[in-house]
Amino acid sequence: MAYRWETPASIWLEDERSGQFELVSSDGLGRIDWQAAARGRLADCAHLLGASLPQSCDHAAIYPEGFAFCPTCGRPLERLGIAPGRHPDWWGPYADALLPRHVPHGLPVTSLALGDSLEERPPAPEVGRFDAAMPPPPNAHCVFAAATFGFPEQRLLALAPGRGVLQYWDPLAEVWHVLLPEEGAADLAFGASDYGWLPTSHLQVPARRGDVALVPTARGLYRLAINPVSETCRTEAVLAAPVVAAPGLMRRQLGVLVRNPGGTLGLCALGTDLSPGPQFDCGALPLSGWTRPIGYDGQLFWLHGEGQLAWRPGEAPRWLAWPDTWLPSLDLGGPTLSRDGRMWLIGHDGQSYSFLELGAERVQARPQREPIDGARLGFANLLFRRGHPVVDEPWSGEHVEDQHEDDSLVLPLLRSFNNNRSQPSGLVLRFHKYTGRAEEALANRVIARTTVEWIGRRNVILDEVARLARPLECVPFVYANRLWLHHPDWNRIRGWNLEAPT
């Protein structure tokens, strides 16, 4: 016989003989495989559910939510989830909804003031070391999300789009778990464009425990949810059409590029409540190779090697092919802004580099072009020419502080936007004694010495890396009050504390 205990969110059974508790169901989690959780994840499950754990008795391994004392001996229990620690959510800098409107959305820019604590470290030329490390997920080419997902405590997910594998980090056991898809769940694999998801917290839909995000797949747009107790995930169809580019959000409208039945490119609009909106046939445009959408000035921009697709909600999308022989250099960074608020993208015409104005709406006129004397790496005003920052217009001369940095190359990874700073700050990689072309450094060439640096009011060297290849695969993310940096080749993810040193 088993006693039935009901809490506001869960139903538990207590075995009459052993006194052990077993979770039967919990709001939003679907099927519960408690035996799998009992094999070593009880502590993590207790933190997720806000349950109670024993402190000085062994009558049961776990107790239902709200239990303050052991019902057998009366000894006090550790009640979890009462005052959870608050950490900011992280969905990748591309999905930061807290940035102001005058900052382009969809670029590696975060609203978190990371420099306030990182700049308390000893400044350059002293070389620092990472404060913490964690093993990489089994499928290392991935994107990260850190949020509560409706649970009392924050957790970290790693999605490998190339294989469609969702991975969950158990911080107590310090191990990654692969979340298995429930019956009928969609394949999460997606490789048609740069990956990007939309957190459900950005939408006007009822919050459900376990909700993660809207995810693009080869068969449609799905709402993804997790059940970390049973180590499973499930999906719910939102748009049944092959998605060819990451979705974007602008003015309470979602824009999704899909493949139409006739083989043409289509744009489907959805409301933030996921209600269907207008659909547009974009014609014979590319069905792969798009960037994540960039939101700016009331429009979404999808960039491609052949041109740009701009869409303003309420209007039809516009396709603007690149002029003449000009081609974008998408690997060198993303769009940046000039002082008058226009957006520009670096490219090459076979002879020289130049910046091209994006989204120009001039009638019978070519978009403005500004020539430059060499490659510039960066995005959103965090620009560098070789080892020197560009602090005025994107095409202005670099600001030379140290002549020795002529022999280095700086690759920005993440900009931290902060209104109280006159100059951009962010996380960069510096390739030392590198004199080759920028495109070669970003490909498979092995860089002998690289430093991970924070550029801001004080320049701080966070770490040093030997023999780095494919630096564009570095993925920064924020989790558990630390800034982390992941590369698929590394056997550890490096982390730096974001608390100010005392």
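The following dialogue asks how a few terms apply to this predicted model.

Tutor: Residues are numbered from 1 along each chain as its sequence is written. In this predicted model, local features need pLDDT of at least 70, side-chain atom pairs count only at pLDDT 80 or more, and totals for chains, interfaces and linings use all residues, while side-chain values use heavy atoms, with hydrogens and water left out.

Student: What makes β14 a strand that is mostly covered?

Tutor: Strands are DSSP runs of E with at least two residues, numbered from the N terminus, and β14 spans residues 221-227. Buried means under 20% relative accessible area, with exposed over 50% and partly exposed in between, using a 1.4 Å probe and protein chains only. Seven of the seven residues of β14 are buried, so by this definition the strand is mostly covered.

Student: Which residues of β14 are buried on each side?

Tutor: On one side they are L221, R223, A225 and N227, and on the other Y222, L224 and I226. In a regular strand the side chains alternate between the two faces of the sheet.

Student: Why are β6 and β35 called edge strands?

Tutor: The open sheet of five strands has the order β6-β32-β33-β34-β35, with mixed pairing. The edge strands β6 (109-110) and β35 (460-468) each pair on one side only. Within this sheet, β32 (residues 409-416) and β33 (residues 425-431) pair in the antiparallel sense over seven bridges.

Student: What makes a space in this model a cavity, and how many of 30 Å³ or more are there?

Tutor: On a 1 Å grid over the protein atoms alone, a cavity is a set of points where a 1.4 Å probe fits but cannot get out, and lining residues have an atom within 4 Å of a point. Grid points are joined across faces, edges and corners, and a volume is the space filled by probe spheres set on the points. By this rule the count is one, and about 30 Å³ of space lies in the largest cavity. Its lining consists of L332, G334, T336, L345, I346, F355, R376, G378 and L383.

Note on methods:
Pairing = 2+ DSSP bridges. Helix = DSSP H or I, 4+ residues; strand = E, 2+ residues; numbered from the N terminus. 1 Å grid on protein atoms, 1.4 Å probe; cavity = no way out; pocket = protein on both sides within 12 Å on 5 of 7 lines; lining within 4 Å.
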